[in-house]
Amino acid sequence: MRKLILLMTLMFWAGAAVANSDLPQVLSDSMMTGSDPGELVALAVKYEHAEGFPQDRERAAELYCQAARLGSPDALYALGWMYANGRGVERDDSIAVQLFLMAAEQGHAYAQKMIRYTPAILPSRLPACLQSDIEDEYEKAVFYPDDQVSKLVHKLAPDYQIDPRLVLAVISVESGFNTQAVSPKNARGLMQLIPETAQRFRVKDPLDPEENIKGGMAYLRWLLAFFKGDVTLVAAAYNAGEGAVEKYRGIPPYQETVSYVEKIRMRYKKSTHPYQSDIVNRTSVIVSSNSVEN
């Protein structure tokens, strides 16, 4: 009987201790599946502002990033604020601006206000936690098929003074070496030329592999000259257009473009490429994606 009373007493005090501690909240944190961005943001707020939790800004940043990967504009904005102020993460204004732009693009009202007062900083990259999925997918060495397309690229590249590895990276991401690829936006062929680009570079049949590659190389050569050999900006412009890159003074805050640039980066490691300055009448007002104001 005494043992039973003692056991019940211990259980009572243990229950009281749990009721007056953060244990239930900590358990709920550890059991979260990460599938609900709203719950992740709410939990991050608690860690960031010590609301029922010991303050842990690093944990808050991790949770915001998880929610951002699930598409939450609130998480993008909150994480951008942390990078802008160096709270829980090392301060990085270029990352902060990129996150604000992405949140603003999704209609986040505060982010839209923030970018009006933010200096023009080139947002050349995302935080590592948002790159991980892309890096995991492409962390292995990229091997291109030794087929007629690769041979054609190596044959034509010298005429355009372009590294064939850059062209192959673009073909890999754009069409996966499918000569007959057609996108919902009517981009066609190996290098996915839209009708306007095909006409601009005198491509009559975008589904003809040689014509398509010549047109794509001509466009890459032009972009390299326009952006002074900056591969990051060239990749962003190939996906979103040079006008969008100039408008945002860097990588446009479109998830498709951000992902596209990272895929090119994983395949082509060089950040700069030689260019022919006489190809365009003017150069971009953007000097380089690495020119970041601190």
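Biologist: How much of the chain's contact set, counted at a separation of 6 or more, joins residues 24 or more positions apart?
Modeller: Such pairs account for 56% of those contacts. This is a predicted model.

Biologist: What elements are in the chain?
Modeller: There are 15 helices and zero strands. Of the 294 residues, 46% are buried.

Biologist: How are two packed helices described?
Modeller: By the angle between their axes and the distance between the axes.

Biologist: Which residues make the contact between α9 and α12?
Modeller: From α9 come Val149, Leu152, Val153, Leu156, Ala157, Asp159 and Tyr160. They meet Pro209, Glu210, Ile213, Lys214, Met217, Ala218 and Arg221 of α12. By class, that is ten nonpolar, no polar and four charged residues.

Biologist: α9 also meets α10. What makes α9 oblique to α10?
Modeller: Their axes cross at roughly 140° and come within 9 Å. That angle makes the pair oblique, because roughly antiparallel would need an angle over 145 degrees. α9 passes α10 in a right-handed crossing.

Biologist: Which residues of α9 face which residues of α10 in this contact?
Modeller: Val149, Ser150, Val153, His154 and Ala157 of α9 meet Pro164, Val167, Leu168 and Ile171 of α10. They divide into seven nonpolar, two polar and no charged.

Biologist: Next, α13 and α15. Why are they called oblique to each other?
Modeller: α13 spans residues 231–240 and α15 spans residues 255–267. Their axes come within 9 Å and cross at roughly 135°. Roughly perpendicular ends at 115 degrees, and roughly antiparallel begins over 145. Roughly 135° falls between these limits, so α13 and α15 are oblique. Their crossing is right-handed. On the α13 side the contact uses Thr232, Ala235, Ala236, Tyr238, Asn239 and Ala240. On the α15 side it uses Glu256, Thr257, Tyr260, Val261, Ile264 and Arg265. The classes are seven nonpolar, three polar and two charged.

Biologist: Now single residues. Where is Ser72, and why is Ser72 called buried?
Modeller: Ser72 sits in the loop between α4 (57–69) and α5 (73–85). Its relative accessible area is 9%. Buried means under 20%, so Ser72 qualifies.

Biologist: What does Ser72 touch?
Modeller: Beyond neighbours within four places in sequence, Ser72 is in contact with Pro37, Val41 and Ala67.

Biologist: What does the side chain of Ser72 reach?
Modeller: It reaches the backbone nitrogen of Ala75 at 3.1 Å. A polar contact needs N or O atoms within 3.5 Å, and 3.1 Å is inside that limit.

Biologist: How do you know whether Ala75 counts as buried or exposed?
Modeller: Ala75 lies in helix α5. Its relative accessibility is 0%. The cut-off for buried is under 20%, so Ala75 counts as buried. Not counting residues up to four places away, Ala75 touches Val41, Tyr64, Ala67 and Ala68.

Biologist: How far apart are Ala75 and Leu99 in sequence and in space?
Modeller: They are 24 residues apart in sequence. From C-alpha to C-alpha they are 9.2 Å apart.

Biologist: What is the phi of Gln161, and what of Gln192?
Modeller: Gln161 has a positive phi of about 55°, and Gln161 is not a glycine. For Gln192, also a residue other than glycine, phi is positive and near 50°.

Biologist: What makes Ser172 buried?
Modeller: Ser172 lies in helix α10. Its relative accessible area is 15%, and under 20% means buried. Leaving aside neighbours within four places, Ser172 is in contact with Tyr144, Phe177 and Arg267.

Note on methods: Residues numbered from 1 in each chain as written. Predicted model: local features only at pLDDT ≥ 70, side-chain atom pairs only at ≥ 80, totals over all residues. Heavy atoms only, no water. Contact = heavy atoms within 4.5 Å. Helix = DSSP H or I, 4+ residues; strand = E, 2+ residues; numbered from the N terminus. Nonpolar A, V, L, I, M, F, W, Y, C, P; charged D, E, K, R; others polar. Buried < 20%, exposed > 50% of the residue type's maximum accessible area, 1.4 Å probe, protein only. Polar contact = N/O pair within 3.5 Å; in protein donor to acceptor, adjacent residues only side chain to side chain. Axes fitted to C-alpha atoms, helices over the stretch in contact; angles between N-to-C directions. Parallel < 35°, antiparallel > 145°, perpendicular 65-115°, else oblique. Left-handed = near helix turned anticlockwise from the far one by under 90°.
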